Amino acid sequence: MRSGVIAQKVGMTRVFTETGEHIPVTVLKLGNCQVLGHRTTEKNGYVALQLGSGARKTVYMPKAERGQ
């Protein structure tokens with residue numbers, strides 16, 4: 001199963017554990033993340049969420065997507 005998010009990489013940093021070890025981590029920016037669609041087992045046969053991030057001009061969208 002594949003899952004993920006739409007994000008922009010901001011940079012790198014590290015997190016320290018209780019034992020003093022450091023773990024490198026990536027800092028991500030999730031801007032204006034919205035749920036655009038929801039798939040259910042009863043209707044589609046699987047469970048999923050469609051996510052969107054950022055802004056898109058309606059001029060560049062197909063008419064079918066403008067209502068979402």
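Me: Before we start, what makes two residues count as a contact here?

Reply: A contact means heavy atoms within 4.5 Å. Keep in mind that this is a predicted model. In the protein chain, take the contacts with a separation of 6 or more: residues 24 or more positions apart account for 7% of them.

Me: Okay, and why is isoleucine 6 called partly exposed?

Reply: Its relative accessibility is 48%. Buried means under 20% and exposed means over 50%, so a value in between gets the label partly exposed. That's why isoleucine 6 counts as partly exposed.

Me: Where does isoleucine 6 sit, and which residues does it touch?

Reply: You'll find isoleucine 6 in the segment before strand E1 (8-16). Leaving out residues up to four places away in sequence, isoleucine 6 touches Leu30, Leu51, Gly52 and Ser53. As for arginine 39, 33 residues along the chain from isoleucine 6, the two C-alpha atoms are separated by 18 Å.

Me: How do you know how the radius of gyration of the protein chain sits against a compact globule?

Reply: Put the two values side by side: a compact globule of 68 residues would have a radius of gyration near 11 Å, but the protein chain has 18 Å. The C-alpha trace spans about 55 × 35 × 15 Å along its principal axes.

Me: How much of the protein chain counts as buried?

Reply: Just take the cut-off for buried, under 20% relative accessible area. Of the 68 residues, 4% count as buried.

Me: And what elements does the protein chain have?

Reply: There are one helix and four strands, running β-β-β-α-β from the N terminus on.

Conventions:
Residues numbered from 1 in each chain as written. Predicted model: local features only at pLDDT ≥ 70, side-chain atom pairs only at ≥ 80, totals over all residues. Heavy atoms only, no water. Helix = DSSP H or I, 4+ residues; strand = E, 2+ residues; numbered from the N terminus. Buried < 20%, exposed > 50% of the residue type's maximum accessible area, 1.4 Å probe, protein only. Rg over C-alpha atoms; globule rule 2.2 N^0.38 Å.
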